[in-house]
Amino acid sequence: IWQSVWLEARPQTYINRFQIETRCSGIVTIRAAFGGPAHGTLHAAFGGTTASSDGDTVVLHIGHPQLWTPDHPYLYEGTLSLTTPDGVDTVHTYFGIREISDARVDDLPRKYITLNGQPVFLNGCLDQSCTLSGFTQPTDADLRTEVQQMKALGLNTFRIHLKPEDPRKLYWADRLGMLVIQD
């Protein structure tokens, strides 16, 4: 076991997984997959903006969005809920509004990696997630400290190698302003 394990109660029909896609324009599309026999209403509430749908996709329109960058890692926190006749399943989650692409910038002769439409220089390191205790950091504070130390070195990205990263470390990367490359 290389990360935290827990059990949660859930209703018969539940949110099995979801994907959040953000655009710098403030349009946020949330696609969910449900488990269980019933259908219901999907409701999203983030940063004071709400939307609902009787399908598996809900679209939020956030006015004057604050874009996520390593220097300003703004996150929208909120809930995604599925209401059915047998109950309500609620997920507390977050997202940063950002777009990463490889694009031509102005009249420059080659493509660049861009963040929110601007070229970004990736100053990073390879992170193989090896610690004195093996592949698992002992506490959440240790995960946060690891990301803070990378920021203190002047890095803006790290590349995950060998295994999927602990979701708590990815949370701290989002919260503290680090880009992550995972292969």
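Figure 1. The model is predicted: local features need pLDDT of at least 70, side-chain atom pairs count only at pLDDT 80 or more, and totals for chains, interfaces and linings use all residues. Residues are numbered from 1 along each chain as its sequence is written, and side-chain values use heavy atoms, with hydrogens and water left out. L75 sits in the loop between β5 (57–61) and β6 (76–84). Helices (H or I, at least four residues) and strands (E, at least two) are DSSP runs, numbered from the N terminus. Apart from neighbours within four places in sequence, L75 is in contact with W68, Y94, F95, G96, D174 and R175; contact means heavy atoms within 4.5 Å. K163 is 88 residues from L75 in sequence, and their C-alpha atoms are 26 Å apart in space.

Figure 2. H64 is not a glycine, yet its phi is positive, at about 50°. The loop between β5 and β6 holds H64, and this residue counts as exposed because its relative accessibility is 79%. N116, also not a glycine, has a positive phi of about 55°. N116 belongs to the loop between β9 (111–115) and β10 (118–119). With a relative accessibility of 15%, N116 counts as buried.

**Figure 3. T93 is a buried residue of strand β7.** Strand β7 covers residues 87–95 and includes T93. The relative accessible area of T93 is 17%, so this residue is buried. Not counting residues up to four places away in sequence, T93 touches F18, I20, F46, Y76, E77 and G78.

**Figure 4. S52 is a partly exposed residue of strand β4.** S52 is part of strand β4 (residues 49–53). Its relative accessible area is 47%, so S52 is partly exposed. Leaving aside neighbours within four places in sequence, the contacts of S52 are T41, L42, H43 and V58. L80 is 28 residues away from S52 in sequence, with 9.6 Å between the two C-alpha atoms.

**Figure 5. Helix α1 has its buried residues on one face.** Helix α1 (residues 140–152) has 13 residues, which at 1.5 Å a residue should span 18 Å, and its end C-alpha atoms are 18 Å apart, in agreement. The expected span is 1.5 Å times one less than the number of residues in the helix. L143, E146, V147 and M150 are the buried residues of α1. Seen down the axis of α1, these buried residues fall within an arc of 90°, so they line one face of the helix; the arc is that of the directions from the helix axis to the C-beta atoms. An α-helix has 3.6 residues a turn, so residues three or four places apart point the same way. The buried residues of α1 pack against β11 (124–127), β12 (157–160) and α2 (167–176). G154, which follows α1, has a positive phi near 90°.

**Figure 6. E146 is a buried residue of helix α1.** E146 belongs to helix α1. Its relative accessible area is 17%, so E146 is buried. Leaving out residues up to four places away in sequence, E146 touches D127, Q137 and K169.

**Figure 7. I181 is part of a nonpolar surface patch.** I100, I113, L122 and I181 make a nonpolar surface patch of about 320 Å². Patches are made of residues with over 30% relative accessible area and no salt bridge; like charges are joined within 9 Å, and nonpolar side chains (Val, Leu, Ile, Met, Phe, Trp, Tyr) within 5 Å. A salt bridge is a side-chain nitrogen of Lys or Arg within 4 Å of a carboxyl oxygen of Asp or Glu. Accessible areas come from the Shrake-Rupley method with a 1.4 Å probe, and for residues only the protein chains shown count as cover. I181 lies in strand β13 (residues 179–182). With a relative accessible area of 40%, I181 is partly exposed.

**Figure 8. The protein chain has two helices and 13 strands.** Its C-alpha trace spans about 50 × 50 × 25 Å along the principal axes. The chain has 183 residues, of which 35% count as buried. Among contacts with a separation of 6 or more in the protein chain, 54% are accounted for by residues 24 or more positions apart. The protein chain exposes about 10900 Å², of which carbon and sulfur atoms supply 53%.

Note on methods
Buried < 20%, exposed > 50% of the residue type's maximum accessible area, 1.4 Å probe, protein only.
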